[in-house]
2 protein chains.
Amino acid sequence: MAVGEANFDFHVVPGVRMASFPCGIKSDGVNDLVMFEFVEGSVTAAVFTKSLFAAAPVEVGRRHLKQTSPRYFVINSGNANAATGDEGIADSLTCCKSLSQLVGARPEEIIPFSTGVIGERLPVSRITDALHNLLPRLGENNWLEAARGIMTTDTRPKIVSRQKEILGKKITITGIAKGSGMIQPNMATMLSYIATDVSLSQHTLQGMLDQAVNKSFNRITVDSDTSTNDSCMLTATGVSGLCVDEDPESSVKFYELLEELMIELAKGLVRDAEGATKFVAVRVINGEEQKSCLAIAYVIANSPLVKTAIFASDANWGRIVMAIGKVEADIDISKLDIYIGDVRLMANGTRDPGYVESMGDEAMSTEEITITVDLKSGDCEETVWTSDLSHEYVRINAEYRT
Amino acid sequence: MAVGEANFDFHVVPGVRMASFPCGIKSDGVNDLVMFEFVEGSVTAAVFTKSLFAAAPVEVGRRHLKQTSPRYFVINSGNANAATGDEGIADSLTCCKSLSQLVGARPEEIIPFSTGVIGERLPVSRITDALHNLLPRLGENNWLEAARGIMTTDTRPKIVSRQKEILGKKITITGIAKGSGMIQPNMATMLSYIATDVSLSQHTLQGMLDQAVNKSFNRITVDSDTSTNDSCMLTATGVSGLCVDEDPESSVKFYELLEELMIELAKGLVRDAEGATKFVAVRVINGEEQKSCLAIAYVIANSPLVKTAIFASDANWGRIVMAIGKVEADIDISKLDIYIGDVRLMANGTRDPGYVESMGDEAMSTEEITITVDLKSGDCEETVWTSDLSHEYVRINAEYRT
């Protein structure tokens, strides 16, 4: 029941292979174990959850990344290996060790990831017993299969791919992501794996990933809840031969392509948000400072009353006003305009004299809605993407054991 | 569909009369206009919403309270007179003026209140035309009728009453409240009127109200949304002849009675929260500081994922862990214990070895649930009361135009 069409086309990324297999953590026989392999010399940047309860694989991943560049990712869905204490750490390490022996790598060259139920021990032997099935399945063409293998309550895989010619060389970026609830700033129940064939220093790559995460995954919210396992990985194989570091113009072009791709991936998560029937962009424009624009955008996007009104296609600007009222910021409300689509509902802090309800009904009737708040007091602007709050959200989250 | 039984018994408060009447703002012919009258010499304390978009009656009320002690309150339900700009202010003033002429008081001795739909002009003539019907209906016994007259999506009135002998004199406190959604710290879609017959200086009364609001109405949350119209009023008529100011022991006794009454009123709002099927206390104990205890209590109480799990009677402590993980505080998660009722689900940051799911199912099976988080690192403690997130919450808020 996702909002809008999805495109599942992608380009392979030279130097990256992947495979997936059903190891039996999920009961329905679907693929729940995924592996990535990166060519030697690949460089990886990472952004992890800020949760105090970061899951065991996140802890292990952070350690391993400090030691060396990863050659392999091993990802299971169905169990988050979170809030599992020292035993959880040991379980993640066992998975890494087991894979390292199979592929002839060091354990620290392997980064583990888990997503699913919190607080249950990871069924390690199911994973280690299944790992050997992944190796013969490794292939450059398995991106979509991998995107499916990391899903939990997602209704469809998320994949975005871009190619561009830079300095006469064709370069590729392809990324997948999962996550449809527990989605909030500072990363979400979200796993994302992005790879490119350009060459970059780890330092530059990490800087680009930090910035692009902030413009994409950190600008979406489904339910204001943040997960223990969020991870976004960006790997550069260098196989294209284009070294982005050495040319500022290539660097800008590459970054723009990356950010565009990551925003599309992030929007893909919101489109498939649990129970979503609407895709909503909340824009706050002409503010005095970035921070208060973002705070206003989030307070609207996270308000259960605004979200239920959107579910009902009700142009209930009173609830938008109520939400803005919660922000601790110095805002001149007598200047404030509110739009849904192109329809202005509120002008200068009160109902627009030209507004009639039928205009609001019309503006709310589409699946994709933009709410714009014009503060008319500066040049700053922020946009956040979210979904509505539907019966289906409650049903999914009352029935599913995260 | 409120949680638990309600008690509608009350004591009259000498010096306070009230009346209600259907003025036709609500379409169903129920009482939607309420008036309070206080004997001359009464003293009133007030706490209003912190919303940037404070409604017109709140603005007018603030002004009037600065000028004199109120003798009358006039309250309408069905229309919030919020986000109505200068016209809204004028509308509220017109209501005050009209009532002042009828009763022979000054306009500034009247405090207006409104609750209901945001962003619509107040139908002033319906109110002014109906005011004369209130006067012959004024009586000391009409507390419950008044509690009904201020309701919006509430399914039942909230009234709490206490009597106590202090220094040989019998004193009374009686209060009513409304509000069942848009309920959050810093007051809610909440109106509350409390009166007592003790005598107190305005300064002392205001201090007591501030403190008691913080322990009661500012410790509840339904949906993290805050309204534009929240008001809590406390009036002391002095008719009992007991002057609380003059005796420290009486002062303490009176305050304790007031706080107890206000906590019960606040809990009454949560019990009748929109779509509530559970009444939930979230206790955070043995913390290092009050602030982080409260932050943890709120982040659990406001998490849509925790609330849907409670609706499903699912002892999903993984979601509690996820919610705690969002708090920006310095917490040693390896010490953390989590209980539902008396059942410990998590010990020292991971699953309690003695815990089995049937214990959690049992603990979740009741209508009233206490979640306890033991930080084991200090002496601070905070409790917040909330409800679950049900299908009914979505239905009510998708259908009702606030």
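1. Strand 3 of chain B is mostly covered, five of its six residues being buried. Here a residue is buried if 20 or more other C-beta atoms lie within 10 Å of its own, exposed if 12 or fewer, and partly exposed in between, with C-beta atoms placed from the backbone. Helices (H or I, at least four residues) and strands (E, at least two) are DSSP runs numbered from the N terminus.

2. Before going further, please note that this is a predicted model, in which local features need pLDDT of at least 70 and side-chain atom pairs count only at pLDDT 80 or more, while totals for chains, interfaces and linings use all residues. Residues are numbered from 1 along each chain as its sequence is written, and chains are lettered from A and ligands numbered from 1 in the order in which they are written.

3. As to the overall form of chain A, its secondary structure comes to eleven helices and 16 strands. The radius of gyration of chain A is 22 Å, close to the 21 Å that the globule rule gives for 402 residues, so the chain is as compact as a globular protein of that length; the radius is taken over C-alpha atoms, and the rule is 2.2 Å times the number of residues to the power 0.38. The C-alpha atoms of chain A fill a box of roughly 70 × 50 × 35 Å along the principal axes, and 57% of its 402 residues count as buried.

4. Chain A is divided into domain 1 (16–271) and domain 2 (279–399), with bounds that come from an automatic or database domain assignment. The centres of these two domains of chain A, taken over C-alpha atoms, are separated by 33 Å.

5. In chain A, five strands form an open sheet in the order 3-10-8-7-6, with mixed pairing. Strand 3 (43–48) and strand 6 (158–166) of chain A stand at the edges with a single partner strand each, so one side of each is left without a neighbour in the sheet. Helix 1 (residues 56–67) of chain A packs on this sheet, touching strand 3 and strand 10 of chain A, and its direction makes about 145 degrees with that of strand 3 of chain A. Helix 5 (residues 202–215) of chain A also lies across strand 3 and strand 10 of chain A, running at about 35 degrees to strand 3 of chain A. For these angles, axes are lines fitted to C-alpha atoms, for helices over the stretch in contact, and the values run from 0 to 180 degrees between N-to-C directions; contact itself requires that the C-beta atoms of two residues, placed from the backbone, lie within 7 Å.

6. Strand 8 (residues 191–196) of chain A deserves attention. Six of its six residues are buried, so strand 8 of chain A is largely enclosed by the rest of the structure. In a regular strand the side chains alternate between the two faces of the sheet. Both faces are covered here, with A:Leu191, A:Tyr193 and A:Ala195 buried on one side and A:Ser192, A:Ile194 and A:Thr196 buried on the other. Strand 8 of chain A pairs with strand 7 (residues 169–178) of chain A in the antiparallel sense over six bridges, A:Ile173 standing opposite A:Thr196, and with strand 10 (residues 231–236) of chain A in the parallel sense over six bridges, where A:Leu191 stands opposite A:Ser231.

7. Helix 9 (residues 317–325) of chain A has nine of its nine residues buried, so this helix too is largely enclosed by the rest of the structure. Its buried residues pack against several elements of chain A, including helix 7 (290–301) and strand 15 (368–374), together with strand 5 (110–117) of chain B. A:Ile300 is in contact with, among others, A:Ile320, A:Ala323 and A:Ile324, leaving aside neighbours within four places in sequence.

8. Phi of A:Ala83 is near 60 degrees, a positive value in a residue other than glycine, and A:Ala83 counts as buried, with 27 C-beta neighbours inside 10 Å. B:Leu167 likewise has a positive phi, of about 50 degrees, although it is not a glycine, but B:Leu167 is partly exposed, with 14 other C-beta atoms within 10 Å.

Note on methods
Two strands pair if DSSP finds at least two bridges between them.
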